[in-house]
Structures are given as C-alpha cells and as structure tokens.
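Subject: Structure for your review

Dear colleague,

Please find below the structure that I am handing over to you.

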Amino acid sequence: MSEDYLARIGNLIRDARRHQGMTQTDLAEQLGTSQSAVARIEQGGQNLSLEMLARIGDALNSEFVSLGHSQPQHLRVEGGRKLSGEIDVKTSKNAAVALLCAALLNKGRTTLRSLARIEEVNRIIEVLGSIGVKTRWLPGTSDLEIIPPATLDLDAIDIEAARRTRTVIMFLGPLLHELDHFQLPYAGGCDLGTRTVEPHLIALRHFGLNVLATQGFYEASVRVGEGPGKPIILTERGDTVTENVLLAAARHPGVTVVRNASSNYMVQDLCFFLQRLGVGIEGIGTTTLTVTGVEHIDVDVDYQPSEDPIEAMSLLAAAVVTDSAITIRRVPIEFLEIELATLETMGMQYDLSPEYVSANGHTRLVDLTTIPGPLKAPADKIHPMPFPGLNIDNLPFFALIAAKAEGTTMIHDWVYENRAIYLTELTKVGARVQLLDPHRVMIEGPTPKWRAAEVVCPPALRPGVVVLLAMLAAPGTSVLRNVYVINRGYEDLAERLNKLGARVETFRDI
Ligand SMILES: CC(=O)N[C@H]1[C@@H](OP(=O)(O)OP(=O)(O)OC[C@H]2O[C@@H](n3ccc(=O)[nH]c3=O)[C@H](O)[C@@H]2O)O[C@H](CO)[C@@H](O)[C@@H]1O
Ligand SMILES: C=C(OP(=O)(O)O)C(=O)O
C-alpha cells in the first residue's frame, strides 16, 4: 500500500474511533495490541493486512473492507463529448432531509411531493421505519407518504442507517416533544472533518433538552414543558441548527424568537412547510425568525420542496467544463445570484428566461441557458458565506470552473476542515491545483489537457461530483470508484447526464 493510501486509511480509522467515543487505548485493547501501534496506524505509518483492517472495522462498527453482495458502485466515463439539450433541476436534498424530520411533528399524514430519490433520503426513511413511522412511495411517483405511529419506538432505531447521515441530529427538535428520555446514535455523513454539534445542544437547552454524549450515542433527557424565556441567539448561523430550533419551537406553545438564524433555501422550505402545519412563522428570509408554536399537530398535509441550487450549480459546471450550451430548467435563481454574479466577473455568458414560481408557492425559478466562451480567473479569491453569500456547497464547483479559466484563482474554504483538500484530486485528471493549507487551494488555468484517469471517489459529495464532471472533459475512458457519496445527494446523475449526451456507465465489481 502506498504511504498516501495508508495515511488516508489512518485518518478514516481515527475519525471512526473518535466517532465511537473511543480512545486509542480502548481500540488497542479490543485489537489485542498497544496504544502506540494504534497511534502508528492512525498516522499512516503501519502496513495493514486485510485481516487487521476487517478487525478494526468490527471494533469500530465501520466497514473499511467490504465483501459480498453490497459491492460499491463505480462509474465509467467516456469523456471529451459535448453536452446539449435541456435538463430539469430536482428538488433539494437538504430540504428533503429537514422535511422528513419535520414530518415527525405531525400526527396526521404528510405527503412530500417530488422528493429527490437519493441515498440520503433512503437512509432517513430506513431510520424512520425502524422507529415505527410508516412511509411509502406513492405508485409511479416520487411522492412520499409519511404516517407516524401513536408512540415512537426509539429503542429499535436502525443504528447503521442513522450513522450514515448527519440528519439524525435533527431528530432532537421533534423528539423532545414526544419522549422525556431517548438515545440517538452520533450523526455521521460525508467525511468533511469535525463538524459542530454544540450549537444545536446549546440552542435546544432552551426547550429543556439536556444531552450527554456517551460512547457513540447522544443520551437525551427532557424537562417537559420548558420553553425559552428569552430570544435564542444562535452561536453559528448554521442551516441544520436553525432547523432544529424551528422543529423544537413548532410544538412549543408560545412564541420563540431565534436570532442569527440561517435564511438559506432549506430553512425557507422548512418554514413554508411548518406554516402548512399551522405553525406561525414571521421573518422568513431574514436572520430573525419569530415562531408561534402549536402544541398538537394532526393534519393531512401536502408539500413540495423547491429545486436544489447546488444541483443547478453542478449542471452549470458540467456545461462549463465541457464547453457546452445546455438549458438548465427550474433553477432557483434567488439562491444562485452571487454565484452567477461571480461567474459574470469571470466572463461567463448565459441567457435567463422570465421568472416563474416553484411548486412551494414562493421560490423564484428561471431556465438558464449556458453560452460557451473563454473565461478568466477572478481578480479576488472566491470564498463562501452564509446565505445570501456564495453557498459553501457550491464552492467546489468554482475550483472546476477556475481550472477552465485563464489565470490563477484562489479558493478559500474557511468552513470545512477537509473539503478543500479533496479538490487536489482534480490533478489526477490534469488540472493544476495546489493545496496552500487545509483551507485554501490555488488553481492555475486553463488546464492544458484534461486526461482520463482512474480515481477513488473522495469521501465527500461535492468534491466527488467535481471529479466526475472533470472526467466528462477528459477524452478517453475514466473510472470513478465507489460513488455512494454522489448517490447520497444526486438522483440518477449518470443517466441524466447521458440524456444530455454524456457517456457515463455505472458498474460494480463481481
Ligand atoms: C442537511 C444540510 O442542510 N446540510 C447543509 C448544512 O449542514 P449543517 O447545518 O449541518 O452544517 P454545519 O453545522 O456542520 O456547518 C458547517 C460548518 O460551518 C461552520 N459554521 C457554520 C455557520 C457559521 O455561522 N459559522 C461556522 O463556523 C460549522 O462550525 C461547521 O464546521 O449546512 C452546511 C453549510 O452551509 C452545508 O454544507 C450542508 O449541505
Ligand atoms: C455537506 C453536504 O451535506 P451534509 O450536511 O448532508 O453532509 C453537502 O450537501 O454537500
């Protein structure tokens, strides 16, 4: 095994161990080895047999070696083809997961229309099913019907499915109205480095929730009936933390004021849905939300979330990297304005249709047609900000676009500990990407020659898609291995790109 590979496996093992709340000594005891040997493994300084990897996997409840039927999916890409035609943007992953959690507030039937049929949604459906919530896809549609039971059975929770998503943390808000004691597995998801949980716990304390983090689980206890006596000031303007507070406030009888709230797209969708449940919400689209809760919610409700601005940006990047003119329909323009303004400074040209309204009745949409042409690097670094800034999940696509642009572009990801690092994978397909530190990459464009390559998909959704899109530009056959993370957030991406003229085939090992 190469040293680089060993270091990555070491990082994975360290993250999984911390995730389980274990020390190096705890893990060493389980493996019958010493703490110093575990330290060496985590630093990538120890050759590992498959047998040892499997034992570590067992000890950490995490699959590092996979055998048998559930083989990982890979993509084979015949690159160098131009795209053409029209494609619709699907509804967003991030609203879908918030709405699935919100359905727990409602004793009646919730129907979520045109939900993205993605692995992230599948994991949450598995978790909901395990605790007694009935869900079913209405025949021939992507509409999901959700009916909670009279009493949730948290003891039966599907731990494996729960650990594969971060969303499980958003069960805290709804559950504190249902149970005075419960346990939830630690949140998982893409490997983006440590992500904060504390802001959620601090904010939810206002509703009587106390959480103790034990070995791999949050132990929650609730002082029933408690509510915020003063405005809740969020310590971070995070999306899911805002959503968690909204979910708690929705059934708190009284008024909750949340300041420094995120006004991002998924939060707005959640607010519109909660309004349909009868919850009063003022200030949608701003950073102060005033919620008037309803103690018992029992309504039959239908809701369709808005289109995904990150998928729209992904498709736009696909057009740029392949020099193609395509029409991306149903683009949620109000959540892509800064991105488009930035692209304009780089010389990007496009046409927009008149605006129309999404099925949620609020979000403004357009059809966007890309016009291929030369691009230049922006004068300043590109960096994300909470909405209405440039979306952090769109930042990786700017790395790809920068690799098409003449000049040097600095991308600064101050948000995630690991994500910018994965952008260096673009060098494997010919881009010139230099990692300056864990948060900053420098890209030298235009890429002289995209070249086909075999790459293991980075363990993070957006960087994974960025590598895939770069492969569309590289003449010849590329392979992207183990693309679960992409399927976590995109529905049938390969098939939909193929409808635009790409040639992407899915396959598994025998
Ligand atoms: C399901 C869902 O909706 N996921 C989105 C949500 O995750 P989510 O809301 O879970 O994001 P996190 O809370 O993990 O925030 C991401 C990182 O940003 C940091 N941070 C965030 C806000 C802030 O004001 N200051 C700050 O430092 C956090 O400490 C964390 O390290 O928001 C992220 C950031 O927009 C997006 O990438 C995710 O796609
Ligand atoms: C980081 C992301 O999402 P999540 O919060 O689900 O990990 C993402 O959508 O890129």
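This is a predicted model: local features need pLDDT of at least 70, side-chain atom pairs count only at pLDDT 80 or more; totals for chains, interfaces and linings use all residues.

Domains

The chain is divided into three parts: domain 1 covers residues 3–60, domain 2 consists of 73–90 + 307–508, and domain 3 spans 93–303. Between domain 2 and domain 3, the C-alpha centres are 30 Å apart. These two domains touch each other, with 24 residues of domain 2 in contact with 19 residues of domain 3. On the domain 2 side of this contact, helix α17 (residues 484–489) gives the most, namely five residues. Sorted by class, that side of domain 2 has 13 nonpolar, five polar and six charged residues.

Ligands

The shell is made up of 16 residues, and the closest are Asn 94, Arg 195, Glu 236, Gly 238 and Thr 240. Helices α5 (93–102) and α10 (239–250) each supply at least two residues of this shell, and α10 gives the most, with three residues. In terms of class, the shell around ligand 1 has six nonpolar, four polar and six charged residues.

Sheets

One open sheet has four strands in the order β4-β5-β3-β13, and its pairing is mixed. Strands β4 (134–137) and β13 (301–303) stand at the edges with a single partner strand each, so one side of each has no neighbour in the sheet. On average, neighbouring strands of this sheet are turned by 15° against each other, direction ignored. Strand β4 and strand β5 (residues 144–147) run antiparallel and are joined by four bridges. As an example from this pair, Thr 135 stands opposite Ile 146 in β5.

A further open sheet is formed by four strands in the order β9-β10-β12-β11, again with mixed pairing. Its edge strands are β9 (232–233) and β11 (280–282), each of which pairs on one side only. Strand β10 (residues 255–259) pairs with strand β12 (residues 288–292) in the antiparallel sense, over five bridges. Here, Val 255 stands opposite Thr 292 in β12. Helix α10, already mentioned for its part in the shell around ligand 1, lies across β9, β10 and β12 and runs at about 25° to β12.

A pair of helices

How do the axes of helix α12 (residues 309–321) and helix α14 (residues 395–402) cross? The two axes come within 9 Å and cross at roughly 5°. Angles under 35 degrees count as roughly parallel, and α12 is therefore roughly parallel to α14. From α12, the contact involves Met 313, Ser 314, Ala 317, Val 320 and Val 321, while α14 contributes Phe 397, Leu 400 and Ile 401. Seven of the residues in this contact are nonpolar, one is polar and none is charged.

Yours sincerely,
A colleague

Note on methods: Residues are numbered from 1 along each chain as its sequence is written. Chains are lettered from A and ligands numbered from 1 in the order in which they are written. Axes are lines fitted to C-alpha atoms, for helices over the stretch in contact, and angles run from 0 to 180 degrees between N-to-C directions. Angles under 35 degrees count as roughly parallel, over 145 as roughly antiparallel, 65 to 115 as roughly perpendicular and the rest as oblique. Two residues are in contact if their C-beta atoms, placed from the backbone, lie within 7 Å. Ala, Val, Leu, Ile, Met, Phe, Trp, Tyr, Cys and Pro count as nonpolar, Asp, Glu, Lys and Arg as charged, and the others, Gly among them, as polar. A residue is near a molecule or strand if its C-beta atom, placed from the backbone, lies within 6 Å of it. Two strands pair if DSSP finds at least two bridges between them. Domain bounds come from an automatic or database domain assignment.
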